[in-house]
Amino acid sequence: MKELLNFKLKIWRQKNNQDKGYFKTYKVNNISPNSSFLEMLDILNNQILFDNKESTISFDHDCREGICGMCSLYINGRAHGPDNLVTTCQLYMRNFHNGETIYVEPWRAKPFPIIKDLIVDRSSFDRIIISGGFISVNTFGKTIDGNIIPIPKEKADKAFDAATCIGCGACVAACKNRSAMLFVSAKISQFSFLPQGRIERKKRVFNMISKMDEEGFGSCSNTKACEVECPKGISTEYITFVNKEYISSFT
Amino acid sequence: MKYDLKKNNQVPEGKIDKKWNNHKSILKLISPNNRSNFDIIIIGSGLSGGSAAASLSELGYKVKVFCYQDSPRRAHSVAAQGGINASKNYKGDNDSIYQLFHDTIKGGDYRSREANVYRLSEISSNIIDQCVAQGVPFARDYAGYLETRSFGGTKVARTFYAKGQTGQQLLLGCYSAICRQIGKGKIKMYNRHEMLDLVLVEGVARGIIARNLVSGKLEKHSAHAVVIASGGYGNVFFLSTNAMGANASCIWKVHKKGGLFANPCYTQIHPTCIPIHGEYQSKLTLMSESLRNDGRIWVPKKLEDANFIRNGIKKPENINEENRDYYLERRYPSFGNLVPRDVASRAAKERCDKGFGIENNENGEGVFLDFNSSIEKYGEEKANELGINNPSLEKKRQLGKEVIESKYGNLFHMYEKITEKNPYETPMKIYPAVHYTMGGLWVDYNLMSNIPGCFVIGEANFSDHGSNRLGASALMQGLADGYFILPYTIANYLAKYVTYKNENFSIKNVEFNKSESFVKNKIKRLIQNNGKKSVDFFHKKLGNIMWKYVGMSRNHTGLSKSINKIQELRNEFWNNVFVPGDVEDGLNTELEKAGRVADFLELGELMAMDALNRKESCGCHFREEYKTKEGEALRNDLHYKYVSAWEYQENKFISDEIMHKEYLDFNFVKLESRSYK
Ligand SMILES: Cc1cc2nc3c(=O)[nH]c(=O)nc-3n(C[C@H](O)[C@H](O)[C@H](O)COP(=O)(O)OP(=O)(O)OC[C@H]3O[C@@H](n4cnc5c(N)ncnc54)[C@H](O)[C@@H]3O)c2cc1C
Ligand code: SF4
Ligand code: FES
């Protein structure tokens, strides 16, 4: 058995969207290095529940497998914490030193208002998709056979790589301009690479980018911080691609 | 008798391959201009709820969708890894509707409804086409055509996939279809809302009570029909592969309003999960079944080797070929590593029970899933393809690893992150874990529960899987129900209300107030309880009881014991649980959990009762008293060829529930004992 770890945590507490938030200090001891970050928070929450009889720390999570995109957390100044290519639920305590002080904050971005403690409202992402992030096919089941239009493997793979975005919002949280360009470009690219999505590509790119601006996300200035923090390794290449698409949508 | 389920199941007469078409031709229609007068509530935005929402609003109905997550894109379907079945026969391996039907019926150990499964097989092809049209990036071969692979319990490659993220890609397809309708104003989405009661007016489903999880306020919503698509109840075991928020509350509320609960004891245990490694653990992680295509499962042949491995004295690489027991290939030569999940899970348990487990945890539970021979085989093939003569072993392994990475890269990455071990270099360790529930609310052929106006689709219903589910068939069922079945059958139900005034369907009805105060009181009781134990404490304890006595194998003594234990635990819960906060407070995650665990504590008892009643072994339900000489499951068709459907008795205990039976007919397939030898 590896040695157990102790931590000091500075956690952002905020009762609701109106109230002011503040950092509160907690201690947790005897944490296994094989615990995930969220399991460590579970342990802390149980402690708080009975030591202080105060309300537990609220944070978003669901699948705990790195796929639903629900977990967030800004840990020691990094979206999803210090490990690369993982979500917070896949971050393990072995990535921290014994005795370390860990800062835990919510995603901070105007289009992601805080709901409580570490939970933010990311429905602006849904609204961007609603503005056109789809192929307008009916769901009547009278579509053509899936093999009638062959798709070159490289294209299909590229579309797939873009489609792996889990909509977590780390790219926004990591960006100094609070741009949602990585997220938006991933979605636009997925469809632009596929024959099925090409017909509507001009309308799609125009609508989604306009919506992104309207929601209050900043513009992309190519710092590539998003790519570094994206748990799914979405490449900023897609941003370049979408910039071209955007310009050609005017012609 | 109140319920003659066989008579009421609405299965059409006639030849099995004609049933669905004939049935469709007699279903009533609603004209397009009338459809917008109908409100439909859907609970759940996973593959079943999402596809239903998209199709129904496309047809013109007004739809409200509820989910507890912050966005419909996060429904638990997103986690499905392996793939979705369809009998397209693209690979020319003689697949057909009949083959898929037969495999599924056999996989379910002859405890599913024949007509439903046939319909599912018929529809399967459409699903793939629909998803391709939506832009789902399925895997493709170099010629640009759709790629498939093979899953447990079948001898053909009919599983379509998108790397290890098939669920996410299918769900995003569905989600984009929902978003399109939200944009048109036809779907209203209620994120972060939890359904807490079903409202009946004169015995008919007319709406729900939901809690806004952010504001904490209770809301009333009325509709002409309520569709339940809330997923499965595997979280009753606490540790499972399900999402942490997945719950049984929705179906349990319907059950307590009169909805029959069918086959509660059928829980699928998935053979390839990462073994438990600590007490703090909050959930188990699945390694997709598709890995069994290329991984070989083994444990050491000698007890001492197993011991050495557990204690870190030997590594798997130190055990040479003749000292390895590839027990699935040994016991089931014709299916080998691709036997169905229940068979593979029990075989792993059998080896570990005998002391051959390789993981250093409490019970030494774990077996190896080894990719070494595939890496070498693929490396050799690739070298040939590239024209490399006499490649070194190193080169071969490098090429082989690349092939494996292209197939399962993200799964290997996930495994490494969790365990710190690199599965390209050393075999994965796996062990069975709770994964999927085949039981659920009883529905007829039209997917309607015994409560008129309350439809149930996806994992929440019981209909298509029998006592076991083959891999890649849950996604298929969810989408078949939502895209292609419900839209037809719900119209048939709604048609009788075309001339009704909408006031008849309003939240002004007193029943809504009654339900609301019922829910409010329950919340109050939880919050004002002021006990000494956390909700998680009770959930874990329940999970232990369930896993020990109602898990992979069951017996009379254990099941009887578990029933008492669950009752005791439930009493303790209501006396001693602590939930912080105030009734009027907004977001309160402890309260959310408390409500869900309260329901699990009732459902757990019903699961044990159902398992106790079923004195046979079938599929995932393995009763130790009923097995063949070789230790395989021994079914009893003479006495148990039925679906058990439990009826809750108002204001009585769970132990007072009454069981009804829907006897199953098999006219198209011959009942056989399931063998994968
Ligand atoms: C890790 C994993 C891997 C899997 N892999 C495969 C695979 O490869 N192939 C395959 O075929 N199957 C697979 N399955 C099974 C399959 O994913 C599920 O059975 C299927 O996705 C269930 O879909 P559903 O629409 O019925 O429910 P879900 O997707 O679970 O959706 C449930 C919905 O209901 C909502 N909800 C629940 N309760 C409430 C409530 N009280 N109030 C409001 N909303 C509520 C949730 O918010 C959610 O939107 C896998 C399952 C798991 C756990
Ligand atoms: S692009 Fe990456 S960081 Fe941004 S939402 Fe998608 S997965 Fe998250
Ligand atoms: S909880 Fe689902 S991605 Fe982290």
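This is a predicted model: local features need pLDDT of at least 70, side-chain atom pairs count only at pLDDT 80 or more; totals for chains, interfaces and linings use all residues.
The contact draws 76 residues from chain A and 79 residues from chain B. Between them, the two chains bury about 6,300 Å², and carbon and sulfur atoms give 54% of that area. Six salt bridges are found across the interface, and one salt bridge joins the side chains of B:Lys88 and A:Asp145, with 3.1 Å from N to O. The interface of chain B and chain A also holds 39 residue pairs in polar contact, both residues being at pLDDT 80 or more. On the side of chain B that touches chain A, helix 7 of chain B gives the largest share, ten residues. By class, this side of chain B consists of 34 nonpolar, 27 polar and 18 charged residues.

Turning to ligand 2, its surroundings comprise 13 residues. The closest are A:Cys165, A:Cys168, A:Gly169, A:Cys171 and A:Cys230. Helix 4 (170-174) and helix 5 (181-193) of chain A each give two or more residues to this shell. Eleven residues of the shell are nonpolar and two are polar, while none is charged.

Finally, the backbone deserves a look. Most residues other than glycine have a negative phi. A:Lys224, although not a glycine, has a positive phi of about 65°. A:Lys224 sits in the loop between helix 7 (201-214) and helix 8 (225-229) of chain A, and counts as partly exposed because its relative accessibility is 43%. B:Asn94 likewise has a positive phi, near 70°. B:Asn94 belongs to the loop between strand 3 (84-85) and helix 5 (97-107) of chain B, and is exposed, with a relative accessible area of 57%.

Definitions and conventions. Residues are numbered from 1 along each chain as its sequence is written. Chains are lettered from A and ligands numbered from 1 in the order in which they are written. Side-chain values use heavy atoms; hydrogens and water are left out. A residue is near a molecule or strand if one of its heavy atoms lies within 4 Å of it. Helices (H or I, at least four residues) and strands (E, at least two) are DSSP runs, numbered from the N terminus. Ala, Val, Leu, Ile, Met, Phe, Trp, Tyr, Cys and Pro count as nonpolar, Asp, Glu, Lys and Arg as charged, and the others, Gly among them, as polar. Buried means under 20% relative accessible area, exposed over 50%, partly exposed in between (1.4 Å probe, protein chains only). Contact means heavy atoms within 4.5 Å. Buried area is the accessible area (1.4 Å probe) that two parts lose on being put together, summed over both. A salt bridge is a side-chain nitrogen of Lys or Arg within 4 Å of a carboxyl oxygen of Asp or Glu. A polar contact is a pair of N or O atoms within 3.5 Å; within protein, one must be able to donate a hydrogen and the other to accept it, and residues adjacent in sequence count only if both atoms are side-chain atoms.
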